[in-house]
Amino acid sequence: HNLGNTCFMNSSIACLSNCTELTRYFLTDKYKQDINTKNKEGLEGKLASAWYNLLREYWMTNTRCGNPSSVKNQVAKKAKKFSNFNQQDSNEFMTVFLEILGEDLNKAKKKVYRELKEQQIGESDLDAAFRFWNLHVERNNSIITDLFHGLLKSTIICPNCGFKSIS
């Protein structure tokens, strides 16, 4: 159902509901063991539950269309810009949705801050990538991380002194 100017959301939902690994994770109830009710950055599993209900409606009933209002309402609790019915950007909605869903399902119970140090002199790209990825997963450990996160190598060189910074 288009709730009124929500085609941006519906296109994101259509894409994500057709992500086989994510949908299987929800429809086989595996998500329930990962709900993090204590993570203040998430919604105590409420978005995960709303997503599960919508996926069930799409994939396990004979309905021709689903009602995404519960998903929209949960996202709007963390991202107020989605609380109205104004036109929005589908990529921005999907990014926010995945961030909140990732926090709802985050297996990292304590998000300890660790400083990310640049690639060290003599450290291989592979070793630096493993170090960066392990630090990331310590704070973000969910099916969302597994399916949608990755690494990007950034190299900055000062034009004046030639200092090179690699992250």
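Colleague: Which residues lie nearest the centre of the largest pocket, and how many line it?

Modeller: Nearest the centre are Leu-116, Phe-132, Trp-133, His-136 and Leu-151, and the lining has 22 residues. This is a predicted model, in which local features need pLDDT of at least 70 and side-chain atom pairs count only at pLDDT 80 or more, while totals for chains, interfaces and linings use all residues. Residues are numbered from 1 along each chain as its sequence is written, and side-chain values use heavy atoms, with hydrogens and water left out.

Colleague: What makes a set of points a pocket and not a cavity?

Modeller: On a 1 Å grid over the protein atoms alone, a cavity is a set of points where a 1.4 Å probe fits but cannot get out, whereas a pocket is an open set with protein on both sides within 12 Å along at least five of seven lines; a lining residue has an atom within 4 Å of a point. The largest pocket holds about 400 Å³ of space. That volume is the space filled by probe spheres set on the points, which are joined across faces, edges and corners.

Colleague: Which element gives the most to that lining, and how does the lining divide by class?

Modeller: Helix α6, residues 125-139, gives the most, with nine residues. A helix here is a DSSP run of H or I with at least four residues, a strand is a run of E with at least two, and both are numbered from the N terminus. By class, the lining has 11 nonpolar, five polar and six charged residues. Ala, Val, Leu, Ile, Met, Phe, Trp, Tyr, Cys and Pro count as nonpolar, Asp, Glu, Lys and Arg as charged, and the others, Gly among them, as polar.

Colleague: What lines the second largest pocket?

Modeller: Its lining is made up of Glu-118, Gln-119, Gln-120, Ile-121, Phe-163, Lys-164 and Ile-166. These divide into three nonpolar, two polar and two charged residues, and the pocket holds about 160 Å³.

Colleague: How many helices and strands does the chain have?

Modeller: The chain has seven helices and two strands, in the order α-α-α-α-α-α-α-β-β along the sequence. Of its 167 residues, 36% count as buried, where buried means under 20% relative accessible area, exposed over 50%, and partly exposed in between (1.4 Å probe, protein chains only).

Colleague: Why is one set of residues called a nonpolar core?

Modeller: The term is used because the set consists of buried Ala, Val, Leu, Ile, Met, Phe, Trp, Tyr and Cys residues joined through side-chain atoms within 4.5 Å. The largest such core has 30 residues, and Phe-26, Trp-51, Val-75, Phe-97 and Leu-101 have the most contacts inside it. The elements giving this core two or more residues are α1 (7-17), α2 (20-27), α3 (46-59), α4 (69-78), α5 (90-104) and α7 (143-148). Helix α3 supplies the largest share, seven residues.

Colleague: Which residues does Phe-97 contact, leaving aside its neighbours within four places in sequence?

Modeller: Phe-97 is in contact with Leu-16, Leu-47, Trp-51, Val-71 and Val-75, contact meaning heavy atoms within 4.5 Å. Phe-97 is also one of the buried residues of α5, and those buried residues pack against α1, α2, α3, α4 and α7.

Colleague: What makes the phi of Asp-29 worth noting, and why is Asp-29 called partly exposed?

Modeller: Most residues other than glycine have a negative phi. Phi of Asp-29 is near 65°, a positive value in a residue other than glycine. Asp-29 lies in the loop between α2 and α3, and is called partly exposed because its relative accessible area is 32%. Glu-44, in the loop between α2 and α3, has a positive phi near 55°; its relative accessible area is 36%, so Glu-44 is partly exposed.

Colleague: Why does Glu-41 count as partly exposed, and which residues does Glu-41 touch?

Modeller: Glu-41 counts as partly exposed because its relative accessibility is 42%. Not counting residues up to four places away in sequence, Glu-41 touches Lys-78, Glu-103 and Lys-111. Glu-41 and Ile-100 are 59 residues apart in sequence and 7.2 Å apart in space, C-alpha to C-alpha.
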